[in-house]
Amino acid sequence: MTVPPLPTPATTAPPSAGPVVPAPLPYGTAGAAWSPYASWPRRVGARVIDQLLLAAVWIAAMPIAVAVGEPGVDAAGRPVRDSTPASAVVICVALAAVAGLWVWNRGVLEGRSGSSLGKRAVGTRLVRASTGEPLGLGATLLRDVCHIADGPLLLGFLWPLWDARRQTFADKILDTVVIRRG
């Protein structure tokens, strides 16, 4: 499966058969404005959902870390702070849970299907531009790391607003596109 190019006038008959007649665009498209590529708001929405999932895991763990890290009392009623290592353990477990969720959602799930939970919610897929197929675990996580290139002045994250294939710099580095899911 390849990613369809932007619609261009096509003929419904061979060139020698008479006048050129534009082929109809897919049903429900808005003329030349139709694009198989995901819009910037959809891309941002998917990213926000994915980030909120990670934040929710982290935020859920913090009250536990605070509770186990509060000063306790020993048998004589004197305050002690020996429970502090327990809060460090909770924080480490929370970090591992966040990292695990990131690898599962953005690596395994998106790598296999093209859609993370956020992309599923907004109806988009990440695919390799040349083949239209999902990237796989390694390339999908590498793309997330390549988003570092998008960071300065947020220019790379804004680039899809005017790019013909609506790509960020990370997409250009790995030759990927985010398309609307059919």
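1. How many disulfides does the structure hold? The structure holds zero disulfides, a disulfide being a pair of cysteine sulfur atoms within 2.5 Å. Cys92 is exposed at 52% relative accessibility, whereas Cys146 is buried at 16%. Here buried means under 20% relative accessible area, exposed over 50%, and partly exposed in between, with a 1.4 Å probe and protein chains only.

2. Basis of the values. The model is predicted, with local features requiring pLDDT of at least 70 and side-chain atom pairs counted only at pLDDT 80 or more, while totals for chains, interfaces and linings use all residues. Residues are numbered from 1 along each chain as its sequence is written, and side-chain values use heavy atoms, leaving out hydrogens and water.

3. Overall fold. Six helices and four strands make up the elements of the chain, in the order α-β-β-α-α-β-α-α-α-β from the N terminus. These elements are DSSP runs numbered from the N terminus: helices are H or I with at least four residues, and strands are E with at least two. Of the 182 residues in the chain, 32% are buried. Among contacts with a separation of 6 or more, 63% are between residues 24 or more positions apart; a contact means heavy atoms within 4.5 Å.

4. Salt bridges. The structure holds nine salt bridges, each defined as a side-chain nitrogen of Lys or Arg within 4 Å of a carboxyl oxygen of Asp or Glu. One of them joins the side chains of Asp171 and Arg43, at 2.7 Å from N to O. Because Asp171 belongs to helix H6 (residues 169–174) and Arg43 to helix H1, this pair ties together parts that are 128 residues apart in sequence. Asp171 is buried, with a relative accessible area of 0%, and Arg43 is buried at 12%.

5. Asp144 and Arg106 meet through their side chains in a salt bridge of 2.6 Å, N to O. Asp144 lies in helix H4 (residues 137–146) and Arg106 in helix H2 (residues 84–113), so the pair ties together parts that are 38 residues apart in sequence. Both Asp144 and Arg106 are buried. A network of salt bridges links Arg47, Asp50, Arg106, Glu110, Lys119 and Asp144. Elsewhere, the side chains of Lys172 and Asp163 form a salt bridge at 2.8 Å, N to O; Lys172 is partly exposed at 38%, while Asp163 is buried at 15%.

6. The largest pocket. About 220 Å³ of space lies in the largest pocket. A pocket is an open set of points on a 1 Å grid over the protein atoms alone, with protein on both sides within 12 Å along at least five of seven lines, and lining residues have an atom within 4 Å of a point. The lining comprises 14 residues, with Arg43, Val44, Arg47, Phe157 and Thr168 nearest the centre. Helix H1 (residues 40–69) contributes the most, with six residues. By class, six lining residues are nonpolar, two polar and six charged.

7. Val178. This residue is in strand E4 (residues 176–180) and is buried, at 2% relative accessibility. Leaving aside neighbours within four places in sequence, Val178 is in contact with Tyr37, Ala38, Arg43, Lys119, Thr124, Arg125, Leu126 and Arg143. The C-alpha atoms of Val178 and Trp40 are separated by 9.8 Å, the two residues being 138 residues apart along the chain.

Conventions: 1 Å grid on protein atoms, 1.4 Å probe; cavity = no way out; pocket = protein on both sides within 12 Å on 5 of 7 lines; lining within 4 Å. Points joined across faces, edges and corners; volume = space filled by probe spheres on them. Nonpolar A, V, L, I, M, F, W, Y, C, P; charged D, E, K, R; others polar.
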